[in-house]
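Hi everyone, thanks for coming. Let me put today's model on the screen, and then we can walk through it together.

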Amino acid sequence: MSDPGRRSGSEPVTARSDLKLRFVLAVMFTPLFAAATIAFAFWAARADDGDPLGPGVLTTLAVVCGLLTVTAVFDLAVVARRRRSDT
């Protein structure tokens, strides 16, 4: 059995993700997910049973987009904090 504290690969000791890329992606997708959340929520509110997707599916899409918005905002905050601490 190998020791769990021992490194077995060639990865750097202090490996970190590409903060610039994460920042760009979070800045791009936060407003996109927010707009999709609003659009699906309004569509779901106005949908009736004759709508091809139906109010249940549209509500689910609005919730998923809302969760993605929250995730993108949280990631943006984490990346901003890490970028400040690196300088």
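Let's start with one side chain: is Phe23 buried, partly exposed or exposed? Phe23 is partly exposed, at a relative accessible area of 30%; buried means under 20%, exposed over 50%, and partly exposed in between, with a 1.4 Å probe and protein chains only.

A quick word on conventions. This is a predicted model, where local features need pLDDT of at least 70, side-chain atom pairs count only at pLDDT 80 or more, and totals for chains, interfaces and linings use all residues. Numbering runs from 1 along each chain as its sequence is written, and side-chain values use heavy atoms, leaving out hydrogens and water.

Now the overall layout. The chain has 2 helices and 0 strands, taken as DSSP runs numbered from the N terminus (helices H or I, at least four residues; strands E, at least two). Phe23 sits in helix H1, while Leu68 belongs to helix H2. Leu68 is partly exposed too, at 36%, and its C-alpha atom is 8.0 Å from that of Thr30, 38 residues away along the chain.

What about the inside? The largest nonpolar core has 7 residues: Ala36, Phe40, Ala44, Ala47, Leu58, Ala62 and Cys65. Such a core is a set of buried Ala, Val, Leu, Ile, Met, Phe, Trp, Tyr and Cys residues joined through side-chain atoms within 4.5 Å. Helix H1 (19–46) and helix H2 (54–86) each supply at least two of its residues. Leaving aside residues up to four places away in sequence, Ala44 touches Pro55, Leu58 and Thr59, a contact being heavy atoms within 4.5 Å.

Finally, buried residues make up 21% of the chain's 87 residues. Thanks, everyone!
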